[in-house]
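Hi,

Here's the structure I said I'd pass on. Have a look at it first, and my notes follow below.

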Amino acid sequence: FGNHHILHTVPDWAQGARHFVSCDYGFADAAVALFWAVGARETFVLLGEVYERNCTATDFVARTHKRTKQLGLRPDYYVGDPKQPQVAWLMRDRGLHVWDVDKRAMSDRAAGFTAIVDALAVEPVLGHPRLQVVSEQAGAPFGCPNLIREFRTLRRKVGGTALEWSTGAVVGDDHAVDATRYGIMTRPRPKAMQPADDMQRYLASLRRRGRSVPIPLTGRLVGGTPQMNAKELPHG
């Protein structure tokens with residue numbers, strides 16, 4: 001986990017993207033909620049976190065809801081901890097849309113960690129990893145300092161094998177990493193885009209460069225993904 005995984009500003013596309021929240025709950029251990037933005041080509045940016053110890057499930061859900069509002073997000077869904085179903089129950093009591101997790105899939109640590117490792121690899125087409133994390137430098141309420149710390153300090157035990165991902169095979173805090181694992185195992189997809197989206201973004205890029213925009217365009221933006229290059233715009 002290196003500097004190319006960390007963003008010090010929130011990407012322009014993140015505000016209009018699909019959002020969701022994934023959780024890993026503990027009391028003596030940390031209770032974690034992570035706030036995701038999902039872009040094109042299965043690109044994920046983690047915008048912010050809740051990371052609290054000695055926090056009851058009720059307080060954790062309340063703090064997660066509060067941070068959602070602080071970030072200005074309207075998540076499509078929340079992913080509760082598959083081992084702590086009371087968190088999902090409390091979220092539903094608040095009227096939040098909770099993802100019905102496949103407990104067997106969520107408990108498959110090998111598959112989850114493999115998906116994380118794959119997303120952390122630099123994608124040749126993008127020129128950066130598909131999974132990136134916003135730092136505290138972006139300014140409150142954004143930033144995931146504890147997730148960054150966990151990614152940098154989590155290690156395999158001496159003598160462990162490359163394919164072993166059990167709890168006993170690693171050393172260090174993994175609460176935020178587990179919340180990442182639960183989130184990525186929902187196989188999130190970006191919002192569907194309409195043709196007007198691409199044209200609106202292209203026209204906005206012309207305005208930023210001080211160029212005239214000869215063609216008026218009506219309609220509203222729907223969805224949101226990283227900006228497209230002009231040569232990628234649909235023709236016809």
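H1 and H2 cross in a right-handed way (the near helix is turned clockwise from the far one by less than a right angle). Helix H1 covers residues 57–70 and helix H2 residues 85–93, and they pack at about 50 degrees with axes 10 Å apart. Axes here are lines fitted to C-alpha atoms over the stretch in contact, with angles from 0 to 180 degrees between N-to-C directions. Helices are DSSP runs of H or I with at least four residues, strands are E runs of at least two, and both are numbered from the N terminus. At the contact (heavy atoms within 4.5 Å), Ala57, Thr58, Phe60, Val61 and Thr64 of H1 meet Gln86, Val87, Leu90 and Met91 of H2.

Keep in mind that this is a predicted model: local features need pLDDT of at least 70, side-chain atom pairs count only at pLDDT 80 or more, and totals for chains, interfaces and linings use all residues. Numbering starts from 1 along each chain as its sequence is written, and side-chain values use heavy atoms, leaving out hydrogens and water.

Mean pLDDT (the predictor's confidence in each residue, from 0 to 100) is 82, with 75% of residues at 70 or more. Over residues 215–236 the pLDDT is below 50, though this stretch has 40 contacts in the model beyond near neighbours in sequence.

One more thing: Ile184 touches Trp36, Phe44, Gly112, Ala115, Ile116 and Ala119, leaving aside residues up to four places away in sequence.

Cheers
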